[in-house]
Amino acid sequence: MTKFLASRLIFMPALILPVLLNFQALAAELVGRAVLPADTFAFGSTTGQFKKTNRTVPFINAQPVQGFSAVIPGPKVGTYLVISDNGFGSKANSPDNVLRIYALEPDFTTGQVFPVNFQTGERLKSFNRESFLELNDKRNLANFPIIASQKLYPGSSIPVSREIAKNRLLTGGDFDTESFRRVSDGTYWIGDEFGPFLLHVGQNGELLDSPIPLPNLRAIGKLNFVKSPDNPEFANLPDDTARIAAANLGGSKGFEGLALNGSGTKLYAMLEGALKDDIVRSRSRLLINEFDLATKQYTGKVFSYKLENPNYAIGDLTAINDNEFIVIERDNKQGDPNNPAFKTPAQFKRLYKINITNLDKQGFVQKELLVDLLKISDKKGIAGNLTQNSIFAFPFVTIENVLPIDARTLLAVNDNNYADTIGRYPGQADNTEFIKIRLDKPLNLLKSQEY
């Protein structure tokens with residue numbers, strides 16, 4: 001049916017064309033939904049000591065299980081590993097938030113999400129130490145002073161947690177972990193936004209290499225490397241204004257997406273924002289940088305992705321095979337457009353399929369709409385009263401996780417920015433929602449990519 005429509009679009013009147021495109025977007029169907037409550041905590045050092053939020057802080061001997069920014073398969077079928085971002089959104093307010101990878105299981109029968117053992121995938125009663133991996137620098141490979149090496153949290157009189165200091169745990173004051181992949185040797189590669197850096201982490205969470213910076217491969221501007229205002233090289237500048245002026249990338253615009261190709265040989269690290277000196281020519285151009293795992297070096301190949309609107313952002317990049325990838329592209333709005341209580345609801349939350357071997361005349365990778373996340377068919381009523389006229393919306397400001405489960409099924413998860421974003425229910429901090437989406441036609445997914 002889709003091919004039939006596509007072959008005839010050029011003959012359709014202008015008024016009919018949007019209807020047909022909308023039909024194609026609605027071909028994606030909701031087949032599962034599970035929810036992790038916003039107020040979910042794991043054991044740990046006291047957190048939230050530098051954050052004003054819609055909850056009573058600090059969180060004594062506890063850390064919120066939130067801010068999921070990437071998802072990969074877990075230790076057993078139906079379980080997943082998710083990486084949390086830096087914590088509360090900035091270096092200044094997250095030095096007490098330990099960087100973690102959690103293991104969990106969304107149960108699409110009960111609609112609940114359960115913590116599981118990081119090694120075995122067996123369900124646990126709580127997010128205890130068996131459910132997560134903590135990133136650390138026990139080998140002293142970070143080439144700048146990390147929070148664990150300091151006596152006091154920066155700009156305060158509060159002593160750094162003994163647990164953080166003793167184990168040289170990495171925190172949201174060191175890196176902003178927004179993407180990750182596990183490779184064949186069991187180690188992890190993580191995309192950071194502060195440098196931006198690529199981080200190579202062992203099975204016990206330890207840094208295996210010094211943070212790898214991104215060369216300015218397109219030679220845009222004067223700097224030899226891509227640097228955000230949070231790059232540690234700018235730490236001694238007098239203020240934020242000076243750091244912003246020194247950087248060639250905006251704040252929080254680093255490696256939001258990190259894909260591992262189907263062959264498991266290369267990473268594709270995608271920036272969330274355009275380089276400053278590139279904005280005049282194309283404020284919508286985001287760069288995808290190819291990285292060779294064997295040599296641990298960038299290959300020099302850079303691909304260009306064009307946003308539909310220069311004010312939009314990307315949420316994730318994940319591979320289908322060696323050449324095809326899925327990109328989450330979104331606006332900065334929140335709120336269910338089907339709920340009249342939201343006066344300025346979300347308008348643009350989409351999944352696009354790209355192929356890095358297919359470029360348009362301007363040199364951008366060509367995009368194909370895969371799913372409109374605000375218009376997912378739910379004829380079975382899986383989402384209950386959240387579904388209106390058989391349409392379910394995923395209306396969160398930050399949707400940062402997508403993973404092909406099989407050739408026709410995708411898992412998508414929001415980053416709930418605990419407890420500051422309100423996209424599902426007016427006046428209520430967002431939960432973390434896991435949804436399964438059934439595609440109308442299969443992806444060309446390698447067998448090794450199916451989970």
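Are Phe-144 and Phe-175 buried or exposed? Both Phe-144 and Phe-175 are buried, where buried means under 20% relative accessible area, exposed over 50% and partly exposed in between, with a 1.4 Å probe and protein chains only.

Before going further, a word on the model. It is a predicted one, in which local features need pLDDT of at least 70 and side-chain atom pairs count only at pLDDT 80 or more, while totals for chains, interfaces and linings use all residues. Residues are numbered from 1 along each chain as its sequence is written, and side-chain values use heavy atoms, with hydrogens and water left out.

**Aromatic rings**

Rings of Phe, Tyr and Trp (its six-membered ring) pair if their centres lie within 6.5 Å; planes under 30 degrees apart count as stacked, over 60 as edge-to-face and the rest as tilted. By this rule there are 17 aromatic pairs. Phe-144 and Phe-175 make an edge-to-face pair, because their ring centres are 5.5 Å apart and their planes meet at 70 degrees. This pair links distant parts of the chain, with Phe-144 in the loop between β8 (132-134) and α3 (162-167) and Phe-175 in the loop between α3 and β9, 31 residues apart. Helices (H or I, at least four residues) and strands (E, at least two) are DSSP runs, numbered from the N terminus. Elsewhere, Phe-68, Tyr-102, Phe-127, Phe-132 and Phe-434 form one aromatic cluster.

Two rings also carry a charge over them, meaning that NZ of Lys or CZ of Arg is within 6 Å of the ring centre and within 35 degrees of the ring normal.

| Charged residue | Ring | Distance to ring centre |
|---|---|---|
| Arg-123 | Phe-114 | 4.0 Å |
| Lys-367 | Tyr-352 | 4.3 Å |

**Nonpolar cores**

A nonpolar core is a set of buried Ala, Val, Leu, Ile, Met, Phe, Trp, Tyr and Cys residues joined through side-chain atoms within 4.5 Å. The largest has 30 residues, and Leu-81, Ile-101, Phe-180 and Tyr-188 touch the most other members. Elements giving two or more residues to this core are β4 (68-73), β5 (80-84), β6 (100-107), β10 (188-192) and β11 (197-201). The most comes from β11, which gives three residues. A second, separate core has 25 residues, including Ile-399 and Leu-443.

**Strands and sheets**

Two strands pair if DSSP finds at least two bridges between them. Five strands form an open antiparallel sheet in the order β9-β10-β11-β12-β13, with β9 (177-182) and β13 (225-226) as the edge strands, each pairing on one side only. Within this sheet, β11 and β12 (residues 212-215) share two bridges, and Leu-198 stands opposite Ile-212 in β12.

Strand β16 (residues 285-292) is largely enclosed by the rest of the structure, because eight of its eight residues are buried. Arg-285, Leu-287, Asn-289 and Phe-291 point one way from β16, while Leu-286, Ile-288, Glu-290 and Asp-292 point the other way. Five bridges pair β16 antiparallel with β15 (residues 266-271), and Ala-269 stands opposite Asn-289. Seven bridges join β16 to the antiparallel β17 (residues 297-306), where Tyr-298 faces Phe-291 across the pairing. The β16 and β17 hairpin has four residues between the strands, and Lys-296 takes a positive phi near 55 degrees there.

**Two loop residues**

Thr-421, in the loop between β25 (409-414) and β26 (432-438), counts as buried because its relative accessibility is 10%. A polar atom of its side chain lies 2.9 Å from the backbone oxygen of Asn-416. By contrast, Asn-389, in the loop between β22 (376-377) and β23 (391-392), counts as exposed because its relative accessibility is 75%.

Notes. Polar contact = N/O pair within 3.5 Å; in protein donor to acceptor, adjacent residues only side chain to side chain.
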